[in-house]
There are 2 protein chains.
Amino acid sequence: MPLQLLELCGTDPARRFSPSCWRSRMALAHKGLDAEVVPWRFTENATLAALGGKTVPILVDGEAILTDSWDIALHLDQLYPDAPALFQGPPETYRFIAAWTDHVLSACVVRLIVSDILPLLGETARIYFSESREKRFGMPLDQVTAGREARLPEFRGLLAPLRRTLGQQAFLGGALPDYADYIVFGSFMWARVVSPLRLLEADDPIEAWRGRMLDLFDGLARQTPALELAA
Amino acid sequence: MPLQLLELCGTDPARRFSPSCWRSRMALAHKGLDAEVVPWRFTENATLAALGGKTVPILVDGEAILTDSWDIALHLDQLYPDAPALFQGPPETYRFIAAWTDHVLSACVVRLIVSDILPLLGETARIYFSESREKRFGMPLDQVTAGREARLPEFRGLLAPLRRTLGQQAFLGGALPDYADYIVFGSFMWARVVSPLRLLEADDPIEAWRGRMLDLFDGLARQTPALELAA
C-alpha cells in the first residue's frame with residue numbers, strides 16, 4: 001500500500017497550505033518517497049479521530065500511523081535510513097529552530113495573511129475558521145491583517161537570525177537542506193499558497209534560499225498553485 | 001605547554017565577562033581541558049595583533065592559534081575527538097542558534113546591562129569602552145539602560161523559543177549540554193558577572209537551565225565572581 005499523507009486544503013485539493021503539512025511533504029521528498037495526498041478540511045475531525053489524531057498532517061505508512069509532523073520526521077529517519085538523514089544530529093538539537101519557527105516566524109506570518117485563507121475554504125470550514133480565529137485574535141480577521149504592508153519592515157527585522165545564517169551557507173542544514181530547512185520553509189509556503197503579499201524583498205538572502213527550496217525535488221513546492229504575486 | 005585562553009576582563013582578572021570568551025571557556029571544560037587564563041583588557045590590541053587576531057577569545061594550543069570562538073570550538077572537536085563532541089551534528093546546523101544569540105539575545109542583553117560594565121574597567125579601558133559604545137548607541141550608556149526593569153517583560157517575551165525548548169528537554173543539546181548551550185549561556189554569564197539585574201524570573205524554565213549550566217564542571221561558572229543579586 002502506498003504511503004498516505006493527510007494534508008490541509010480548502011475547496012481546491014491542490015492548494016495545500018498548512019505549514020506543518022509542508023514540513024512533512026518536503027521531508028517525504030527528501031527521503032525520495034511519494035505519498036498519496038489525502039485532502040483534509042477543517043471540521044473533518046472524525047477522519048482524524050479514526051486515525052487517533054487531532055490535527056494534520058497524519059502519515060499512514062503501512063501499519064504505522066504518525067499523527068504529528070515531528071513524529072513523522074523521526075519515523076522517516078528510522079524506517080528509511082538509507083536515504084539522506086532529515087536530522088543530521090540528534091533531533092533534540094533541532095528543537096530550538098522549530099520553537100523559533102512556531103513562536104516567532106509563524107506567529108508573525110499569521111497576522112499578515114490570516115484573512116487571505118477565508119476565500120479558499122468551503123462554507124463549513126470557513127465558518128469554523130472564521131469563528132475560531134476571530135476568537136483567538138479578538139477581532140475580525142480583516143482587521144488582523146489591516147495595514148500589513150506597513151508591518152513588513154518589522155517582520156523582516158525579526159528574521160535577522162535566519163538572514164544571517166543563510167548569508168553564510170546555502171541551507172540551514174549546510175550545503176544541502178535538512179529538516180531545519182523544511183521546518184522554516186513550511187511557514188513561507190503557507191503564505192505563498194494563500195496570499196498575494198510578498199513577505200521578502202528581492203535581494204534578501206532568505207528570498208534566495210526560498211527560491212532554492214522551491215526548486216528542490218523537481219520544483220515540488222513551486223508547482224503548487226499559489227496566490228503570491230510575481231516579483 | 002598548557003593551553004592558553006585570552007579572555008576579556010576588567011581590573012579584576014577573575015571577573016571575566018565576555019559572552020564569546022565564556023563560550024570557549026565552557027567548551028574547553030566540556031572537553032575536559034583546562035587552559036591558563038590570559039587576562040586581556042580593552043585597548044590591548046598589540047597583544048591580539050601579535051597572535052594574528054582582532055578580538056578575544058584567542059586560544060593558543062601548542063602551535064595552533066585560534067582567533068575566534070567558533071574556530072576554537074571546531075578545533076577542539078577536531079583535536080580532541082575522544083572527549084564528548086561539542087557539535088553533535090554538522091557545525092552548520094548550529095549557525096542559526098548562534099545567529100539568534102548574537103542578533104536577538106545579546107543585542108537585547110547589552111541594552112539592559114551595558115552601563116554596569118564601566119565600573120569594572122580600568123581608566124584606559126573605560127574611556128575606550130565608553131566612547132565606542134556611546135557612539136554605537138548614540139547616547140550616554142546610563143541612558144541606554146535607563147528604565148530597564150520596565151523592559152524586562154519584553155525581553156523575557158523574546159526568549160519564547162528558548163523557553164519552549166528548555167521546557168521540553170534539559171539542555172539545548174538534549175539530555176546533556178553541547179555547544180548550543182555554551183553559545184546561549186555566554187550571554188547570561190556576561191550579564192551575571194557585570195550586573196545586579198536579574199534577567200529571569202525564578203519559575204522560568206530558562207532559569208532552571210541556567211542553574212544547571214552554572215553547576216556544570218564542578219560549578220566552574222557559578223564560582224566566578226558575579227554582581228548579580230541573589231534571588
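A cavity, found on a 1 Å grid over the protein atoms alone, is a set of points where a 1.4 Å probe fits but cannot get out, and its lining residues have an atom within 4 Å of a point. The model is predicted, so that local features need pLDDT of at least 70 and side-chain atom pairs count only at pLDDT 80 or more, while totals for chains, interfaces and linings use all residues. Residues are numbered from 1 along each chain as its sequence is written, chains are lettered from A in the order in which they are written, and side-chain values use heavy atoms, with hydrogens and water left out.

**View 1. The largest cavity has a lining of 19 residues.** Of these, A:Thr93, A:Tyr94, A:Ile97, B:Thr93 and B:Tyr94 lie nearest the centre of the cavity. The space inside is about 220 Å³, where a volume is the space filled by probe spheres set on the points, and grid points are joined across faces, edges and corners. Helix 4 (95-117) of chain A and helix 4 (95-117) of chain B each give at least two residues to this lining; helices (H or I, at least four residues) and strands (E, at least two) are DSSP runs, numbered from the N terminus.

**View 2. Chain B meets chain A through 24 residues from each chain.** Contact here means heavy atoms within 4.5 Å. The buried area, which is the accessible area (1.4 Å probe) that two parts lose on being put together, summed over both, is about 2,000 Å² between the chains, with 71% of it given by carbon and sulfur atoms. On the side of chain B, B:Arg95, B:Phe96 and B:Pro161 lose the most area to chain A, together 30% of what that side buries. Helix 4 and helix 8 (160-166) of chain B each supply at least two residues of this side, and helix 4 of chain B gives the largest share, seven residues.

**View 3. A cis peptide bond joins Val56 and Pro57 in chain A and in chain B.** A:Pro57 sits in the loop between helix 2 (45-51) and strand 3 (58-61) of chain A, while B:Pro57 sits in the loop between helix 2 (45-50) and strand 3 (58-61) of chain B.

**View 4. B:Phe217 has a positive phi in helix 10 (residues 205-219) of chain B.** Although B:Phe217 is not a glycine, its phi is about 55 degrees. Most residues other than glycine have a negative phi.

Note on methods. On a 1 Å grid over the protein atoms alone, a cavity is a set of points where a 1.4 Å probe fits but cannot get out, and a pocket is an open set with protein on both sides within 12 Å along at least five of seven lines; lining residues have an atom within 4 Å of a point.
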